[in-house]
Amino acid sequence: VSQLWVAMHDEFLPFPESLATYCTRDYPFRDHVQRTVRAVVGDPEQTLCTLKKVPRAKAEVSCTLLDEGFQSVYRRFVKEVVRKELGEEYVLFERNPNLRVQPVSGGAPTAPHLDADHMHSPCEINYWVPLTLATGTNTIWTESWPEQGDFHSVECDYGQVFRFYGNQCLHFSVCNAEPSSRVSFDFRVVRLSDFARSRIPLAGERKGCKWVLYGYYSVMGPDGEVPRELFASIAGRAPHPAKVEVPALERPRSAPGRSRSPSNEHLQRCILHYGSARAARAGCCRCGWIANRPKIRESLVCRLGPRVVPWIAEQPDVTKQWGLGCIVCSAVVEAGLAGARRTSYSEFEFGTTPGLLLQPLVRHGNNGKWDSMSVDDSGKWAGARGARQDMVRWRTHAEAVQAINSGDVPWELVVQRIDELLPANCGC
């Protein structure tokens, strides 16, 4: 999958994230799910936003998404809303959407991940539909573009649908500290214009493949679902998709002029705010970094010429908001190399999430397996764990290292950046 994304990357880019609205009277998703939840928990007054725990019979609740009533509304939604939103006559869509429940005081259901980790086609577009208010810590978090690192929470409510590129944009959820639970469902769509390059097989064509057309996916057109025997007649009529430009990173995040607090002062303030050092590490990215800084620097390294150096450093400008960044990407952007893209890593603006997320940093630097290093729930370094599969390779950082080692970026500039940032970057 990662090689397919690289091959597609220069030819076209998928749609950026967006937030759309729909009429809940026309598409009453919540009514169907809420009736089932009340029946499962045995409480006729139970609401979706007051769930204290995931219903033990979540499988029964999930079956709501398979019943005739919900499926009828869902298919109309794909036909009348999704196709229009994408500007497509025909789309492949996930036949059975996925139910997600995040109860009050619930743990994070998902760690940072890409759908590509699970061998989904890079042509997929994700749609996320909350059935309750989703805000703060009871929503999903994502970056706006592949490898951008600008993680943000998705703030929306029932009656809105969020579109994002979950195949190559890291997304996750954090521990729910809000007073309300979150219930949502999501599904994936592929434009018919992307089908030829998607490498999605028809059911029965590829043994052992789960993500197949007329199995995992169905096809929706202006007249409803397209049966398999008619698919060949429409597949050749798909137009070529237009290229979408990479959006510029929104900057700055904070106004310059006021020096940020030193690490010790910041740590003490967070301990008072969160109630303990453990809670501060779990809730604040900077506190998590302070607690684990030596071990992270020891692990997140790269080879630049004859030197093996840590590539991670804190924001060097103390008049700007604190953040982490990449010395290598920063040097390439500063050198004005053609094609170098500003990201949160190059601008030292990584760190907007509750707690320190190590997985995106490991991915950015191509420093190992995607789940081989982590911090635990208390924000402490958990060490290496058994890795399940290789990470999808991050192009931005790898190309920056290659540009430096091939001489495209002046070596003197790189050495200057390393000497500026590393020695004096241990306590800012």
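The buried residues of helix α12 are Arg395, Thr396, His397, Ala398, Ala400, Val401, Ala403 and Ile404; buried means under 20% relative accessible area, exposed over 50%, and partly exposed in between, with a 1.4 Å probe and protein chains only. The model is predicted, so local features need pLDDT of at least 70 and side-chain atom pairs count only at pLDDT 80 or more, while totals for chains, interfaces and linings use all residues. Residues are numbered from 1 along each chain as its sequence is written, and side-chain values use heavy atoms, with hydrogens and water left out.

Helix α12 spans residues 395–405 and is mostly covered, with 8 of its 11 residues buried. Just after α12, Gly407 takes a positive phi of about 90°.

The protein has 428 residues, of which 55% count as buried. Its secondary structure comprises 13 helices and 17 strands, taken as DSSP runs numbered from the N terminus (helices H or I, at least four residues; strands E, at least two). Of the contacts with a separation of 6 or more, 74% join residues 24 or more positions apart; contact means heavy atoms within 4.5 Å.

### Cores

A nonpolar core is a set of buried Ala, Val, Leu, Ile, Met, Phe, Trp, Tyr and Cys residues joined through side-chain atoms within 4.5 Å. The largest one has 44 residues, and those with the most contacts inside it are Leu300, Leu304, Trp311, Ile312, Leu324, Val328 and Leu361. Two or more residues each come from α9 (285–299), β12 (301–304), β14 (312–314), β15 (324–326), α10 (327–334), α11 (358–364), α12 and α13 (411–421). The largest share, 5 residues, is that of α10.

Beyond its neighbours within four places in sequence, Val328 is in contact with Cys302, Leu304, Trp311, His397, Ala400, Val401 and Ile404.

### Loops

Most residues other than glycine have a negative phi. Two exceptions are listed here.

| Residue | Loop | Phi | Relative accessible area |
|---|---|---|---|
| Tyr214 | between α5 (195–198) and β10 (217–221) | about 65° | 18% |
| Phe348 | between α10 and α11 | about 55° | 3% |

Tyr214 is buried, and Phe348 is buried too. The loop between α10 and α11 also holds Gly339, which counts as exposed at 79% relative accessibility. Gly339 and Thr396 are 57 residues apart in sequence, and their C-alpha atoms are 9.8 Å apart in space.

### Cavities

The structure holds 2 cavities of 30 Å³ or more. A cavity is a set of points, on a 1 Å grid over the protein atoms alone, where a 1.4 Å probe fits but cannot get out; lining residues have an atom within 4 Å of a point. Grid points are joined across faces, edges and corners, and the volume is the space filled by probe spheres set on them.

The second largest cavity has a volume of about 30 Å³. Its lining consists of Phe15, Pro16, Glu17, Ser144, Trp145, Pro146, Phe164, Tyr165 and Cys169. By class, this lining has 7 nonpolar, 1 polar and 1 charged residues, where Ala, Val, Leu, Ile, Met, Phe, Trp, Tyr, Cys and Pro count as nonpolar, Asp, Glu, Lys and Arg as charged, and the others, Gly among them, as polar.

Technical notes: On a 1 Å grid over the protein atoms alone, a cavity is a set of points where a 1.4 Å probe fits but cannot get out, and a pocket is an open set with protein on both sides within 12 Å along at least five of seven lines; lining residues have an atom within 4 Å of a point.
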